[in-house]
Amino acid sequence: MPATQTAPADDPYRALRMLREQGPVHRLEDWDAWLVVSHAEALGVLTGACWSADPGRSPRAAERLGLTGPGGQLIRKAVLFTDPPEHARLRDALGGYLTPRSVSAYRHRITAIVDAALRGHEPGEPIRVMEEIAYPVPLAVICELLDAGTEMAGRLRQETPSMTAMLDPLATPEAMEAGAAAAMGLMLDLVPLAAERSALRGSDLLSALLGRGPAGAGLEADDAIVMALLLLVAGHETTANLIGNAVIVLHDHPDLARNLRANPDLVGPAVEEVLRFEAPVQLTARVAVGDLPVAGAPVKGGEQVFVAIGAANRDPAVFADPDRIDIGRAHQRHLSFGHGAHFCAGAALARAEGQEVIRRLLRLDPPLEDQELRVRRARSATFRRVDELELIPVSRRRNPA
């Protein structure tokens with residue numbers, strides 16, 4: 001697959017730009033699928049009624065994901081893979097949770113969790129950003145919302161990397177099997193928790209999903225467990241990479257970091273621009289429900305179309321000078337949270353977490369842009385993943401030996 005297999009992890013955008021210049025849609029022969037790299041076609045696929053989010057509609061995808069067995073049927077219950085009207089039923093179960101208003105009311109807790117993550121940090125000490133902040137903060141937030149406990153948080157931190165392989169077209173069959181096993185194990189861990197909330201009403205999100213909270217529409221236990229697992233995994237994996245990429249952008253653009261420090265009200269627009277510039281989720285998929293040409297490409301029913309969000313977000317037809325960070329862009333039309341019915345349910349929460357972490361990191365001494373940055377990325381077609389990220393004050397640089 002030339003579009004992703006040859007794209008380097010440190011900068012895939014040059015390869016994507018070259019593809020877009022050749023055309024908006026490209027055939028992926030090895031996958032019996034297509035790749036969309038322009039904003040207009042991406043928007044059409046994400047919002048069109050003739051496209052399904054259910055990978056089970058594609059024989060090739062169903063085989064690869066192992067959707068024919070019992071575990072596969074549970075996976076297909078995830079809101080991420082459902083179409084209307086089932087999709088609307090699952091989304092409605094979230095009630096008033098995760099809306100911009102509810103997240104705003106919860107922001108004080110997000111701030112407290114961010115502060116707690118850095119409480120033991122001494123000025124001048126190195127910070128392992130991913131291990132100490134980027135993963136722990138969103139994980140603590142979503143576990144608190146679901147009242148899932150510290151043991152579940154630990155299990156999630158351990159198993160999530162395996163599970164995300166199920167969304168990555170580059171994952172090996174062995175990685176796919178490990179991901180499915182991790183998902184099944186975590187769902188089993190959630191069974192007693194769901195049973196407890198079914199018997200004892202709470203004010204947490206899991207109780208709401210089960211119809212035992214103040215706003216929940218009520219789901220069957222298996223639906224609620226799958227939804228809770230998706231929220232737990234997506235609620236920290238993608239946000240962790242948003243935070244990691246934001247730190248890299250601020251470090252590489254010291255004028256931006258200084259501007260935000262002087263003008264903290266600009267942190268919101270800055271996070272939006274980081275989302276456009278370095279989308280945490282780089283690839284998403286839909287299945288054509290019938291023969292459907294896309295920009296002249298003869299897409300057949302049952303074929304998958306992969307939408308390259310990272311490419312669409314840098315389409316010069318929509319974003320002037322797209323390879324430049326500009327927090328003053330008049331219109332933010334990035335697709336990093338998707339679009340249409342499948343717009344990310346946790347977008348408001350991810351934005352708030354990213355903003356609060358950035359505000360806190362801008363208070364570091366010495367300033368983050370003046371520190372050495374060590375980065376290691378993971379190779380993934382789906383995620384703009386940061387595996388390791390360390391801020392090291394210049395005076396504390398380690399001896400390479």
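At 32% relative accessibility, does D32 count as buried, partly exposed or exposed? Bear in mind that this is a predicted model. Select D32 in the loop between β1 (25–28) and β2 (33–36). D32 counts as partly exposed because its relative accessibility is 32%, and buried would need under 20%. Check the backbone while you're there: D32 has a positive phi of about 55° although it is not a glycine.

Next, jump to L98, in the loop between α6 and α7 (100–117). Here's another positive phi in a residue other than glycine, near 70°. L98 has 8% relative accessibility, so L98 counts as buried.

Now for the prolines. Most residues other than glycine have a negative phi, and most peptide bonds are trans. Pick P84 and P85: the peptide bond joining them is cis, with omega about 0°. P85 sits in the loop between α5 (70–75) and α6 (86–92). Then go to D365 and P366, also joined by a cis peptide bond with omega about 0°. For P366, the place to look is the loop between α17 (347–361) and β9 (372–377).

The largest nonpolar core has 93 residues, and L146, L156, L209, L229 and L231 touch the most other members. Colour helix α13 (residues 221–252), which gives the most to this core, with 17 residues. Zoom in on L229: leaving aside residues up to four places away in sequence, L229 touches L156, M163, A183, L186, M187 and L190. Finally, select V25, A42, A279 and A288, which are among the 18 residues of a second, separate core.

Note on methods: Residues numbered from 1 in each chain as written. Predicted model: local features only at pLDDT ≥ 70, side-chain atom pairs only at ≥ 80, totals over all residues. Heavy atoms only, no water. Core = buried A, V, L, I, M, F, W, Y, C linked by side-chain atoms within 4.5 Å. Buried < 20%, exposed > 50% of the residue type's maximum accessible area, 1.4 Å probe, protein only. Helix = DSSP H or I, 4+ residues; strand = E, 2+ residues; numbered from the N terminus. Contact = heavy atoms within 4.5 Å.
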